[in-house]
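Have a look at the structure first, then follow the points in order.

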Amino acid sequence: MSGAPMTAEPAEDVPVWVPWEGPQADYEAVAAGTVLSREVQHWLQQAQRVEHPHAGGAVVLHHWATTVPNGLAPVVLFHGGSGSWTHWVRSIGPLTEAGHDVWAVDLPGFGDSAPLPGVIDADGMLPGLAQMLEEQFPLQAVRLVGFSFGGMTAGMLAAAYPHLVQQLVVVGAPGIGLTDKHPFRLKGWRHLEAAQAQLAHHVFNIGALMLHDATRIDRDTVALHVHNVWRDRLPRRRISSTDILVRSLAQVECPVAAIYGAEDALYPGTLDQVAACMAAAARQWQGLQRVAGAGHWVQYEQPAAFHAVLLPLLAG
């Protein structure tokens with residue numbers, strides 16, 4: 001999901017429909033967040049799980065090593081709000097095939113990572129994330145790629161701890177200061193008893209915010225999404241509705257690039273303004289590139305086109 005939770009609409013606004021036929025037990029399992037998509041299962045089996053302890057538990061990373069290293073600095077991935085490393089599930093293959101050493105972080109309070117004590121938003125995460133990077137990659141700056149809430153967080157981290165980041169790529173990031181343009185409202189689902197009703201609201205939300213083409217929403221996409229949103233322990237985050245990313249970019253010392261889906265629901269018709277804000281702030285601006293036919297979750301909806309943009313940036 002995006003950086004900040006959206007206001008819920010009444011339940012009756014959404015028809016009770018899901019885009020696959022299944023037994024009742026399957027609907028209930030997916031709605032409960034206990035089903036992993038096939039892609040997630042595949043990459044989870046190949047991952048090395050690494051835990052970095054903190055006062056509230058641990059930050060969890062998943063690591064995929066490449067068979068033919070390209071000699072470049074590690075690529076560290078930050079996911080979006082209400083998400084986990086699985087927001088990047090369609091990026092692991094292309095990145096490792098290109099020789100990158102890939103580390104996908106579950107940000108504190110999301111996925112398998114416990115919240116940091118007293119932290120309710122991205123700004124409070126920064127010291128803990130910096131400590132994690134320093135411990136995992138001693139004396140080595142990383143290339144940081146962040147999606148949505150994770151892109152905003154990555155920009156803030158690069159500004160506060162410039163020695164840790166040698167390149168920043170933000171993907172569909174909020175924190176530009178234009179969020180009053182949202183033409184949608186997401187639907188609440190936790191109050192619903194029936195599994196199919198919950199799933200119908202999840203399908204609606206994915207189509208409203210995450211994907212441009214609703215026909216791409218299938219059982220695996222819903223299962224991935226639901227598994228993530230059940231594990232969001234930071235519901236009070238609000239900083240993404242400000243211009244915090246733009247203000248942070250003014251302090252970032254490394255090269256900065258941006259990738260957005262051309263149909264990103266966060267910024268309908270305003271990507272030119274987003275690019276102008278970033279260009280005016282960033283010291284080493286590498287431009288904003290748009291991926292046609294993609295919504296907010298650009299790397300999942302149009303993976304081939306997205307990686308055709310991302311990989312040359314990381315190789316440069």
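**Notes on the sheet and its helices**

1. Start with β5 and strand β6 (residues 165-171): 6 bridges join them, and they run parallel. Two strands pair if DSSP finds at least two bridges between them. Helices (H or I, at least four residues) and strands (E, at least two) are DSSP runs, numbered from the N terminus. Within this pairing, Arg 143 stands opposite Gln 167 in β6.

2. A word on what you are looking at: this is a predicted model, in which local features need pLDDT of at least 70 and side-chain atom pairs count only at pLDDT 80 or more, while totals for chains, interfaces and linings use all residues. Residues are numbered from 1 along each chain as its sequence is written, and side-chain values use heavy atoms, with hydrogens and water left out.

3. Back to β5 (residues 142-147): 6 of its 6 residues are buried, so the strand is largely enclosed by the rest of the structure. Buried means under 20% relative accessible area (1.4 Å probe, protein chains only). In a regular strand the side chains alternate between the two faces of the sheet. Here both faces are covered, with Val 142, Leu 144 and Gly 146 buried on one side and Arg 143, Val 145 and Phe 147 buried on the other.

4. β5 also has strand β3 (residues 75-78) as a parallel partner, through 4 bridges. Look for Val 76, which stands opposite Leu 144.

5. Now zoom out. The open sheet has 8 strands in the order β1-β2-β4-β3-β5-β6-β7-β8, with mixed pairing. At its edges are β1 and β8 (284-291), each of which pairs on one side only.

6. The antiparallel part is worth a look too. Strand β1 (residues 48-54) pairs with strand β2 over 7 bridges in the antiparallel sense, and a hairpin connects the two through 2 residues. His 52 sits opposite Val 59. β2 (residues 57-64) has 7 of its 8 residues buried, and 5 bridges join it, again antiparallel, to strand β4 (residues 102-106). Val 60 has Asp 106 as its bridge partner there.

7. Tyr 260 has Arg 290 in β8 as its bridge partner.

8. Which helices do the buried residues of α7 pack against? They pack against α1, α2 (38-46), α6 and α10 (298-301), where contact means heavy atoms within 4.5 Å. Of the 11 residues in α7, 10 are buried.

9. Take α1 (residues 24-31) and α7 (residues 219-229) as a pair: their axes come within 8 Å and cross at roughly 40°. Axes are lines fitted to C-alpha atoms, for helices over the stretch in contact, and angles run from 0 to 180 degrees between N-to-C directions. Asp 26, Val 30 and Ala 31 in α1 meet Arg 219, Val 222, Ala 223 and Val 226 in α7.

10. Finally, find His 202 in helix α6 (residues 195-210). His 202 is buried, with a relative accessible area of 0%. Leaving aside neighbours within four places in sequence, His 202 is in contact with Trp 189, His 225, Val 226 and Val 229.

How values were computed: Buried < 20%, exposed > 50% of the residue type's maximum accessible area, 1.4 Å probe, protein only.
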